[in-house]
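Dear colleague,

I am handing over the structure below, and my notes on its cavities and on one helix pair follow it. Please read them alongside the coordinates.

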Amino acid sequence: MVIDPELSRAETLPSEHYTSEAKYRQQVETALLGGWHVVARRADVRAPGTVLPVTLGPGSLDEPVVLVRQTDGALAAFANVCTHRGATIVGERCEGASSLRCPYHGRLFGLDGRFRSMPEMEGVEGFPSGRDDLTRLGVAEWGPLVFVSFSPREPFEAWIAPVERRVGAMGCAAWAFDAETTYDVPSHWALYVDNFLEGFHIPWVHPALARTIDYKQYTTAVGERENVQIAIARDGEPAFDLPDGHVDADRSVAAYYFFVFPTTMLNFYPWGLSVNVVEPRGVERTAVRFWPFVRDASLRDVGAGGALDLVQREDEAIVGRVAEGIRSRAYRRGRYSVLQEACVHQFHRTLTAWVEGPPPTEPHP
């Protein structure tokens, strides 16, 4: 299914892309497998010798991963799976580790993932080999976050570059983490993304938010697979103090809403950064974890970045209604608003291209 590249002619994704179990599995094994995903906070693996087990794509990919801060300070990610009989190796976070040992038969690995030793293996021909090392995965650190990709289709630096060019100088790596909030959205993950990618619904769904921004000046910038929505503050509402030379220096920006395919949402406000960690859990369920990183607590509850719980609850309710209606025999696909839905169109084109394109490459030991 190809989405017409001309927005004025294009039709939206057919409903089966949101309702079919087979389509969902295709999305998991292509778009999600080859993409970069937030898995942890950098602070959780800061000290050398720290080992942290995480799950990449809980409910979708379900890949056990171990993050390892090596003795030289570099961060590595490996499949948390023993190369002997497949047992998971690390069960809980620990610090001061010098090696990784499988609890099943004692196979030992270095913090670099290389096989070191295993008892009772005398007489095995061609052993050990590179296949006995742990499988290395793509890993990257950006700001306060750690990203992992099972089989990245592109380097992380190219993937995050559009965000870095616009807001990288804000120094979000040093901002303080606040409490996590998790929401259970009763819909397909792409419906949640669709909703995030347009401000078209703000006057109808988010009346309180609409009072803080100038909807007539709401703009978008669409890249190759990423985009940003820019909300402009009404008079008297909080806005960024952008430096001279910044692309938006002459505008009262209330919020930057970044989306980078397939699931990363980075929301910058004058008070700090809110990350939507989107976790597809099935055709009809998506978990969304909100991670706030605070720069200025005095601005936390005002402007476009205030009342985020209310905004999320409103989004949850309307996306739930779409999830209910999109299963109707009366609906198959619609048309895009040329003025307001360029980001949704781009997401649909990227998703279909990844799903129907060549499969992701396999990770290497």
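**Cavities and a helix pair**

The largest cavity holds about 320 Å³ of space, where a cavity is a set of points on a 1 Å grid over the protein atoms alone at which a 1.4 Å probe fits but cannot get out, and a volume is the space filled by probe spheres set on the points, joined across faces, edges and corners. This is a predicted model, in which local features need pLDDT of at least 70 and side-chain atom pairs pLDDT 80 or more, while totals for chains, interfaces and linings use all residues. Residues are numbered from 1 along each chain as its sequence is written, and side-chain values use heavy atoms, without hydrogens and water.

Lining the largest cavity are 22 residues (an atom within 4 Å of a point), of which Phe196, Tyr257, Tyr269, Val311 and Asp315 lie nearest its centre.

Helices α2 (residues 21-34) and α8 (residues 342-356) pack at about 105°, with their axes 8 Å apart; axes are lines fitted to C-alpha atoms over the stretch in contact, and angles run from 0 to 180 degrees between N-to-C directions. That makes α2 roughly perpendicular to α8 (65 to 115 degrees).

Best wishes

Technical notes. Helix = DSSP H or I, 4+ residues; strand = E, 2+ residues; numbered from the N terminus. Parallel < 35°, antiparallel > 145°, perpendicular 65-115°, else oblique. 1 Å grid on protein atoms, 1.4 Å probe; cavity = no way out; pocket = protein on both sides within 12 Å on 5 of 7 lines; lining within 4 Å.
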